[in-house]
Amino acid sequence: MTGPDPYTPPPPSQIRLGLWGPPGSGKTTYLAALNLAALRSKLPGNWTMNGADPTASEFITESTKQLVELKTFPAATERHRSMMFKFTGERAVAAPPAPKPTWRFRGVPAPVQVPSVERDQFYLDVLDVPGVDFEHESRTDRLDDDLLDLEYSDDGPIDAIDSADEYDAPGGNREKLLDHLQQCQGIVYLFDPDRDARQGDSFSYFHPVLEQLAARVMESSYTGSRLPHRVAVCITKFDDPTVYKAAYVGGFSSRDANPPFAPVVRNGQAREFFHRLCRSNHSNADLVYEGLTKYFDDKNIEFFVTSAVGFHAPDGLFRSQDPFNVKRDPVDGRARIRGKVHPINVLEPLIWLHESLRDPR
Ligand SMILES: Nc1nc2c(ncn2[C@@H]2O[C@H](COP(=O)(O)OP(=O)(O)O)[C@@H](O)[C@H]2O)c(=O)[nH]1
Ligand SMILES: [Mg+2]
């Protein structure tokens with residue numbers, strides 16, 4: 001008997017998503033938390049993640065161990081590396097309409113058409129570029145600083161590896177990043193509001209890349225007036241005291257409906273929270289916002305407030321008296337994760353990108 005082999009997987013979807021953000025915005029940690037986010041996810045689709053190349057597989061194993069067992073953050077990326085991750089889920093596909101009954105079957109009820117479950121897939125293509133060694137920055141102890149209003153001290157020079165010179169060099173990180181972004185249909189853009197308020201450098205990493213990406217795309221056969229990508233803007237490190245406080249004080253934070261009932265900023269409010277961050281004198285968030293909406297179609301942009309490690313939840317429940325999951329080791333000054341990792345809005349941006357590219361409106 002010939003015919004399609006029922007066990008042959010369908011060809012994978014060619015949708016490619018890219019990850020982008022200034023050094024220190026939390027890219028490596030976001031990636032490290034993705035596997036745990038997929039495991040814990042209550043989203044429809046039963047999503048799982050695996051490495052599509054040996055570097056990515058090794059990264060998943062090592063970084064999951066780091067977060068779960070060693071309870072430390074992944075080391076700052078030293079050399080640029082490319083990794084491809086594959087996400088596999090399932091979706092219900094409506095059954096074809098029942099055939100019209102022939103004269104012989106009239107009066108007999110038509111068989112019920114059950115929707116079938118199909119495999120759903122997409123790829124996350126990552127160019128993990130060197131970042132800043134943040135280990136000795138004290139951020140989780142600053143409970144009384146107001147992210148939006150306080151003066152921030154300069155934490156010293158940025159790691160030389162990620163200096164603007166290296167970023168700009170021909171064939172340097174920026175060229176690689178541009179090639180990478182040009183190949184993707186969707187982009188996850190990570191924005192760390194606290195770092196931006198202190199270093200004010202988000203815009204300087206963001207704008208030249210955007211400008212050059214637009215120049216490249218407009219020179220190609222593409223005929224649109226804005227960049228064609230879908231963009232998920234992720235406000236990172238929501239669990240950080242300064243970011244959480246800004247969301248809480250501004251009335252953007254509510255409680256998740258699922259255990260551990262931790263704080264969340266719902267997606268409908270995330271864009272407004274970004275606007276609130278734009279008001280700070282110390283932030284360039286407003287320029288990032290203008291850049292995004294100028295170069296990309298507004299309806300192709302969605303905002304998320306994310307945390308790779310989530311809030312502290314002893315016994316599986318968040319307690320507002322003891323909320324933070326990251327603390328400084330008093331001996332070596334390194335950031336340590338106190339308890340279990342409960343990523344917040346880490347898988348969601350990817351699923352939104354995938355679905356909006358798969359089923360465009
Ligand atoms: N509190 C908190 N800190 C984070 C989170 N993600 C990253 N960080 C901190 O930010 C530092 C830099 O993150 P990293 O992922 O290396 O940034 P990258 O340079 O963009 O890859 C980490 O070493 C952590 O100290 C998070 O979800 N919550
Ligand atoms: Mg990194």
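Analyst: We start with strand E1. 4 of the 5 residues of E1 are buried, so the strand is largely enclosed by the rest of the structure. Keep in mind that this is a predicted model.

User: Which strands pair with E1, and in which sense?

Analyst: Strands of a sheet pair through backbone hydrogen bonds, either parallel or antiparallel. Here E1 and E5 run parallel and are joined by 4 bridges. E1 also pairs with E4 in the parallel sense, over 3 bridges.

User: Now the helix. How many residues does H1 have, and what does it span?

Analyst: An α-helix has 3.6 residues a turn, so residues three or four places apart point the same way. Helix H1 covers residues 27–40, which is 14 residues. From its first C-alpha to its last it reaches 20 Å, close to the 20 Å expected at 1.5 Å a residue. H1 also has a kink of about 35 degrees, centred on Leu-34.

User: Is H1 mostly covered or mostly uncovered?

Analyst: H1 is mostly covered, with 12 of its 14 residues buried. Among them are Lys-27, Tyr-30, Leu-34 and Ala-38.

User: What covers the buried residues of H1?

Analyst: The cover includes strands E1 (16–20), E2 (48–51), E4 (116–128) and E5 (186–191), together with helix H2 (54–70).

User: At what angle do H1 and H2 cross?

Analyst: Their axes come within 9 Å and cross at roughly 85 degrees. Angles of 65 to 115 degrees count as roughly perpendicular, and H1 and H2 are therefore roughly perpendicular to each other.

User: Which residues of H1 and H2 meet?

Analyst: On H1 they are Leu-31, Ala-32, Ala-33, Asn-35 and Leu-36. These meet Ile-60, Ser-63, Thr-64, Gln-66 and Leu-67 in H2.

User: For contrast, is Ala-75 buried or exposed?

Analyst: Ala-75 lies in the loop between H2 and strand E3 (81–93). Ala-75 has 12 within 10 Å, so it is exposed.

User: How far apart are Ala-75 and Thr-29, in sequence and in space?

Analyst: They are 46 residues apart in sequence and 9.0 Å apart in space, C-alpha to C-alpha. Thr-29 is one of the buried residues of H1, whereas Ala-75 is exposed.

User: What are the figures for the protein as a whole?

Analyst: The protein has 10 helices and 11 strands. Buried residues make up 37% of its 361 residues. Among contacts between residues at least 6 apart in sequence, 82% join residues at least 24 apart.

Definitions and conventions
Residues are numbered from 1 along each chain as its sequence is written. Chains are lettered from A and ligands numbered from 1 in the order in which they are written. This is a predicted model: local features need pLDDT of at least 70, side-chain atom pairs count only at pLDDT 80 or more; totals for chains, interfaces and linings use all residues. Helices (H or I, at least four residues) and strands (E, at least two) are DSSP runs, numbered from the N terminus. The expected span of a helix is 1.5 Å times one less than its number of residues. The bend at a residue is the angle between axes fitted to the seven residues ending there and the seven starting there. A residue is buried if 20 or more other C-beta atoms lie within 10 Å of its own, exposed if 12 or fewer, and partly exposed in between; C-beta atoms are placed from the backbone. Two residues are in contact if their C-beta atoms, placed from the backbone, lie within 7 Å. Two strands pair if DSSP finds at least two bridges between them. Axes are lines fitted to C-alpha atoms, for helices over the stretch in contact, and angles run from 0 to 180 degrees between N-to-C directions. Angles under 35 degrees count as roughly parallel, over 145 as roughly antiparallel, 65 to 115 as roughly perpendicular and the rest as oblique.
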